[in-house]
Every structure is written in C-alpha cells, then in structure tokens.
Amino acid sequence: MKRVMAFLMILMVAGGAQAKIDLTTLPTRDTVQLTIYNSADLTLARESRALTLKEGGNALQFSWENTLIDPTSLEMLPKANADAIDIAELVFPPRVRNLGLWNIHSEVSGKVPVEISYLTSGLSWRAFYMGTLSADETTMRLEGYVRVTNNSGEDYENAQVRVIVGRVHLLDEIAELARREYPYGRPGLPVPIPRPAAVPTRRALGIMQDVEMAAARAPMMAKEIVKEGLSEYFLYTIEGTETIPNGWSKRLQSFDVDAVPVVNLYKYEAERYGDRVMRFLSFANDTEHKLGETPIPDGMLKVYRGVDDAKHLAYEGQSSFKYIPVGEKVELNLGGVADVVVEPKLMEIRSDNHRFDRNRNVAGWDDIQTWKVEVRNTRDVPIKVEITRNFDAPHWDITHSGSIDGYEKVDLDTVKFTVELPGRSQKTFEYTTTLYRGVRTEDYNRRTR
Amino acid sequence: MNAKRLILSATIALLLAGPMAQARIKLVALPERAATIIRLDNPNATLIEEERVLTLQQGLNQVDFSWKGVQIDEDSIRLEVLDHPDAVNLLSVSYPPGESALVWEISSGGDFAETVRISYLLGNIDRLITYRAVADKAETQVDLRSYVILRNFSGEDFDHARILLDYGEAFEQGIDHEETKQVLFLKAPTVPIRKIWTFDAAKLPWDPQRLDNQNVGIPVSYRIVNDTASGLGRFAMWGGKARLFQDDGRSSTIFLGEDNAPLVPVGEKMELYIGDSRDIVVTQRKMRDVQINLRKNDSDRVVLYDTDEIITATIENFKDSPATLTMIQHIEGQWDMEKCNLPYTKKDASTLEFEIELPARTDAGPGVQELTMHYRRRNVRN
C-alpha cells in the first residue's frame, strides 16, 4: 500500500490566470534509498522518479497521508538538465493536509529524472551481538547483527538500506513535525495540534506469505555490509536491496569474527559495586583482536560459552555496551559473580603524630590503617582482577607488599591494584595507608609540594 | 473562502446643519487594491502597504476602513496621499464604537481619482528562514541554500503582492490565507567551513570510566563566516533552522544534524552544532587539591589560604584523521598558573581555552595529547 503519492499537474499559463487542465499520476518511484539513524527516530529517504515535464510552468503534487514524513524536509532536485529546470517554490496549499505542490519552471519538455528526499520517522535500527566464548575462555567468537524495523506507515520495496552509527543533533522530533497541522506551524500559535501517529497494522496473511516466498527466492548467502566513515558517523550499507513492509523488522548480520582474544577481567570497588566482584570481558577494537576495521555501535551483547564438542552452549550473561571507536579497549560488564572473591580486611588501626592547639585540644593526627586483601579465583580459567580503593581525603601515603601485578594512583583519592591469577588459585597482598588529619595535612602539603 | 476581509468604503458626507449629528453612510463601491507590498524585514511585525484609488469629490469626504477576521494594529494604520498631496488633506481619524474600523475625514480641493497608500501592521503573517547545507566529503566547504518560508494565517488572501525582505531582491508572490510557501532565495555553492570539536570541562563528565557503558559525546560544530571570501557577506544572515547534510561520495548524502542558526551580521561567525563525536575521548582527573599558605586567626582557625591543584587530561583521538580540539577549562576566583604544558588563551578571568592538535590514529593506537595544569587559587577565605 503506497501512501506517498505524487501527481504531476501541467499548468497552462494563459494571461496570468493559471488553469489546471491535466492531472497525471506519476510512475512509481524507480529506486529508493533509506538512511536510518539510531540515535534519534530519523530516516533520510531518497527516491528517484522520472517526471514528464512540459516546457513552461509545471506543478507537481506530492501527498503523504498516513505517513510520518516531515514536510519541512521535502526537497526535489533534477538529476539532468539542472540548468533548464527551476524548482521555484514549494507550496503547502490552504485547508489541505499532507499535501505539497512544487512549482517547476522547465525550459525542456520530456522525461526528466528527479530525486525527492525527505526525513521520516518510524524506521529504526539497532545493533546487537552474540559472543561465544571458547571452553577455556581465552577467545570469543563475536557476531554482530543489525535489526531494522519499519513502523513508518509506508511499505518500502526493494529499498537500498543504509544505517548510520552516530549521535545526531536534532532540534525537533521528526514524528512531531510529521503530525503538525501546518508544516511550519503558524504565527501566533506556537503549539501545533497533535494527532495520533499512524499505527502500523498487522499485515494480512497473504502478504506475509508473499514475503516469505520472496525470501525463499533470495540467494542463500548472507548479505554483506559495506562500512565507511563519514564526518562523525559510520555508514553501513547493506548489499543489494531489501523489502521491509510496514510493521516488519529484519535482522541482518554485520560481521562474524572468530577467536577474538579476550581477558577475563574482574573488578572490585566497594563504593561502586558493593561487596560483589563484577565480571567483565575485556578486549580491544583493534587488529590485534581481529577487529578494528570499524567502530562497534552500541548494543546488547549476549555471551554464551561452548561447553562440549557437540556445540552445546551455556549462557554466561549479557551486557549492554557503549560505542567502541577503532583502537579503543572494551570492557563488557557481565554482572556480579560469586566464583571470584575479593576480601579486604582491616588488620590494624593506629593513630600517631598528634598535634595540640593552644587549648590543648587535638588539632591534628595521622590515621594509620593496615589492610589485607585476599583474592580467590575458584574458577579453572586464568583471570585478571582490578581492586579499586577510595580514600575520604586527598592527604594520604600508601605502602604495599605481597602479590601485586600492578599499582596505579588513579586520581587524588583513588588507587588501583591489579592481580593476575591462574585457575583455582589465590593471592594475598597488604597495604598500609597513612591518612593525615587536621593540621597534620599542613605537614603533608609542605612535604609533597 | 476567498472573501476579502479588509473593506474600504468611501463615503461622501453631506455636511448637515447639526454640528455633531453626522450620519455615516457606507457606500458599497469598494476601491480595489492596486499594488500591494508585504514587508517582512522586521521579524516582530509585518507591514502591509497597499495602494487604492479613492474617488474623492471636492469638499469633505469620509472614507471608512474596516476589517473583520484579521488582526490589525489600529494605531499603525497610516494613509499617504500620492497624486495631489497639496490639495488633498487628511483632517481627522475617528474610531467608531464597537467596530473594527476607522473613518478618515479627507478634504479634497477637486474631484479626483486619488491614489492613496494605506499601510498597517497585520498580525499572523510572517516569514521564517531555513538553511540547508550540503558539505563535501572532506568537510572543507558547504553548498549553502537558504529558503524563506512565508506563512499567511492573517485571514486575508493576497492574490498578488511584492514581498520585501530586508535584503535581496523583492519578488512577486501571491499567498492565500492558511497557505505556507517555501521559496529559495539564497544560493552560495562554495562556503568554506571549519570543523570544531569542543570539550568544556564544566559541561561534560571528566572520567568516562566512571560512567557505566556510556559514551561522552564531544560536540561537533561547523563554523561559517559571513564574509565575501565565503561568497556571502552582503547582508546579515537571519536566524533559522539549519539542516546539514554531507555528500557521501556515492551521489547521495547523509544527514549530519541540525541547529538553530543565530542572526549573523556581516563579518561575524555562525557556529552550527551538528552532533557529537565519540571518537575523541577526554579523560580528565584531579590529581591534587590541597590547601597551602594557611593564615590563621588567634584561635588557630584557618581564615585565609591558597590551594595547590593539579588537573590532568588525556585526550585520545580514535579517528583516522587529525583533529583540533577546543578545550575549555574553568578556574574560579584569583589564581596563578604554576605550570601548564600546553599553551592557552585566557578568555576571561575564569575561562581558559586550549587549541589542542590531535594526530590521527595509527596502528599503534589513538593519537594522544596529555594536558597537565598546575595552578594555585589565591586568597580563598574560609
């Protein structure tokens, strides 16, 4: 069911009085290209049609009843004889809704290919991923998918589908613009009268069968997705064309990479995660990890693990992850676990270096705390654990001992210890902090300046 | 629904004996509009100028001007006599009670078919400006077009009018009540642009690792200068919605984003925020913040101190092309910079602006710049 219609009216101009004498239905669009965004409900549609123009004034009527097209975005460009065709104005006539009229002055007559573009809402896409860990959890097969959904009110047949990764700045929602009574609103009344959006209806069975049959005739190979960067965006172009009737979605595979090296990373930070250890899968979007060709759009990853040679799977968890630029590290949060344990224990409390004011009140002192941290890996795979400790003030010193593979001062009140453990092992380390209180911070400041 | 709502009727008033008892007799013969001008140069109000021919008789004439269904500012109505300004005089203007009308009392030195110009401010008719720009693939220039959107919801149909903006050619256009027209009026095919990434430390999160699975988008803008080098510079560019597209190199475009362009006088810059980059990542951290130079009162309480602060920022460019990041840092109050490894300009007392050149990403990793800013805030009172 086509809802976007274009008619060509040839207007005879006689003595300044315009008379409509002909009304021609245009041939259907020859090609259509959809560029679908996911950061906003926004799609750039571009269709080509062949107009038959007469020399002189022509008017093209374009209507879009029951669609979600933003009329302020309508543009028509001639693709041939551009110098001889002047698209003078676009008129939204009074007391008619969802209709625009292009007044075209042509110095040529005959068929002219034109391109009509507009923004519409109702089409969307999202990325999602499936990860399958090897049994030893050192590598992961990563499959990326794109799911395109059409709720635009318009059936798009044989459309070239492109999806855009990136965050676009919008002033108005396209769906809101599409519902306006007057395309540009009206002076004096800022608020347009809203109207319910076109609700996609469920297709009749016959159409569903058609679609299935069409799918059955399609070549039995997964389509390729061509990826390229443009400005701050990434453009994924799906090979060939797609037919997505209104109300339908399509899943397409965007990549499939086997054996991406991954690190089982666990994190402990009491202030952020509580007592539980959080499990992360860590890798990088680079060539070392067999990736790095394009950014990875944000989406949900479901992680499975191969459990035997018969390709049976266990479900490990899921993580939504953010957009990963090329070259950046990825840390996927799979949630809290019980099989890796981090136990910080406060082993000793002391205070020292007391200072007194003129009233003999305590004006400053040092709090000295000794912590023992036990890290246990009860799993049979090697893991890496990051333990973050926060202090309540910026005046501190630290000493540490024991099995630590890394230590870093993150910022003025945060440190991070890194411990690597083989399967079924445990490590212990100790650290002692001296926290300077009251006027003792002055001594600290003098010393560290 | 094509009724004229502005009614002009000329009345020849016979001056009767009764000094105040003048009966207004409206004549049906309406002088038709001749030339009509719609002036849209003031964004707050629209001025209509229309010429009509009044049939005046020697002596005193009354001309009624009334309207219904339209919004006219009564105080704005003016009458200009064009043919015989010396012989024809407007004596008075009166407003009849309870009517949207006024009565001009005109004295005429002869029987004239007099052309007059009536002007008034008409409500609910205006114009918007929109911009549509298509950037080239390299993002060095845009093909800029500007459209004027005429919106007539005044209640009056204008079959034929000269439409004047505050610049550009006047054009002939008819516009009916409730009609909207989009007319192209500016084409500048090669306007140079500069692409700008901006990190403002007061507006964006400092440490992306502290956010759970969220990207920090660095705002991206295009800068256009309204000057002759840009193929512009002839007049101020009006504010309006600007939509930006980019040529994808495959005879199609992608939509980059949209922003409200402000009014840009000649010689000034227009900055259009199009979207956010997630390929430039800023990780900013405070590494030191302590009080020094403590000054105490008799009770040993600190009353005045300086601070000693260190801020570091790592800027990573994951793009395959170099970029210039504008970084804005804020230090409140009185302060001295002890050491800063990158040059900056002081925009005002508390704002520092860095222009940081970021190399492109290589196989070894992102292009990285490090900023270390060591400063002391002075004379902070407790």
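Visitor: Hi! How many helices and strands does chain B have?
Guide: Hello! Chain B has zero helices and 26 strands. Keep in mind that this is a predicted model.

Visitor: Okay. What radius of gyration does chain B have, next to a compact globule of 382 residues?
Guide: Chain B comes out at 33 Å, while a compact globule of 382 residues would have a radius of gyration near 21 Å. Along its principal axes, the C-alpha trace of chain B spans about 100 × 70 × 40 Å.

Visitor: And what share of chain B counts as buried?
Guide: Of its 382 residues, 32% count as buried. As for contacts in chain B between residues at least 6 apart in sequence, 67% join residues at least 24 apart.

Visitor: Let's move to the interface. How many residues of chain B are in contact with chain A?
Guide: On the chain B side there are 57 residues, in contact with 51 residues of chain A. Several strands of chain B give two or more residues to that side, among them E9 (125–135), E13 (179–192) and E17 (253–261). E19(B) gives the most, with nine residues.

Visitor: Nice. Which strand of chain A pairs with E18(B)?
Guide: That's strand E14 (residues 167–168) of chain A, which pairs with E18(B) in the antiparallel sense over two bridges. Within E18(B), Asp276(B) is the bridge partner of Arg167(A).

Visitor: What sheet do those two strands sit in?
Guide: They belong to an open sheet of seven strands with mixed pairing, in the order E14(A)-E18(B)-E15(B)-E14(B)-E21(B)-E24(B)-E23(B). Its edge strands are E14 of chain A and E23 (345–348) of chain B, each pairing on one side only.

Visitor: How many bridges join E15(B) to E18(B)?
Guide: Eight bridges join strand E15 (residues 218–225) of chain B to E18(B), and the two run antiparallel. Tyr222(B), for instance, has Leu272(B) in E18(B) as its bridge partner.

Visitor: Switching to cores: which residues touch the most other members of the largest nonpolar core?
Guide: That core has 122 residues, and Ile36(A), Leu244(B), Ile280(B) and Leu325(B) touch the most other members. From chain B, the core draws at least three residues from each of domain 1 (6–122) and domain 2 (280–381). There's also a second, separate core of 18 residues, including Met140(A) and Phe321(A).

Visitor: What does Ile36(A) touch?
Guide: Not counting residues up to four places away in sequence, Ile36(A) touches Thr43(A), Leu123(A), Ser124(A), Trp125(A), Val148(A), Val161(A), Val163(A) and Ile164(A).

Visitor: I also clicked on Gln33(A). Why does Gln33(A) count as buried?
Guide: Gln33(A) counts as buried because it has 21 C-beta neighbours inside 10 Å, and the cut-off is 20 or more. Its place is in strand E4 (residues 31–37) of chain A.

Visitor: Which residues is Gln33(A) in contact with?
Guide: Leaving aside neighbours within four places in sequence, Gln33(A) is in contact with Arg46(A), Ala159(A), Gln160(A), Arg162(A) and, from chain B, Ser252(B).

Visitor: Last one: which residues of helix H4 of chain A are buried?
Guide: In H4 (residues 440–448) of chain A, the buried ones are Arg440(A), Glu442(A), Tyr444(A) and Asn445(A). The buried residues of H4(A) pack against strands E24 (340–356), E25 (362–377) and E30 (425–438) of chain A, together with E19 and E20 (302–317) of chain B.

Methods. Residues are numbered from 1 along each chain as its sequence is written. Chains are lettered from A and ligands numbered from 1 in the order in which they are written. This is a predicted model: local features need pLDDT of at least 70, side-chain atom pairs count only at pLDDT 80 or more; totals for chains, interfaces and linings use all residues. A nonpolar core is a set of buried Ala, Val, Leu, Ile, Met, Phe, Trp, Tyr and Cys residues joined through C-beta atoms within 7 Å. A residue is buried if 20 or more other C-beta atoms lie within 10 Å of its own, exposed if 12 or fewer, and partly exposed in between; C-beta atoms are placed from the backbone. Domain bounds come from an automatic or database domain assignment. Two residues are in contact if their C-beta atoms, placed from the backbone, lie within 7 Å. Helices (H or I, at least four residues) and strands (E, at least two) are DSSP runs, numbered from the N terminus. Two strands pair if DSSP finds at least two bridges between them. The radius of gyration is taken over C-alpha atoms; the globule rule is 2.2 Å times the number of residues to the power 0.38.
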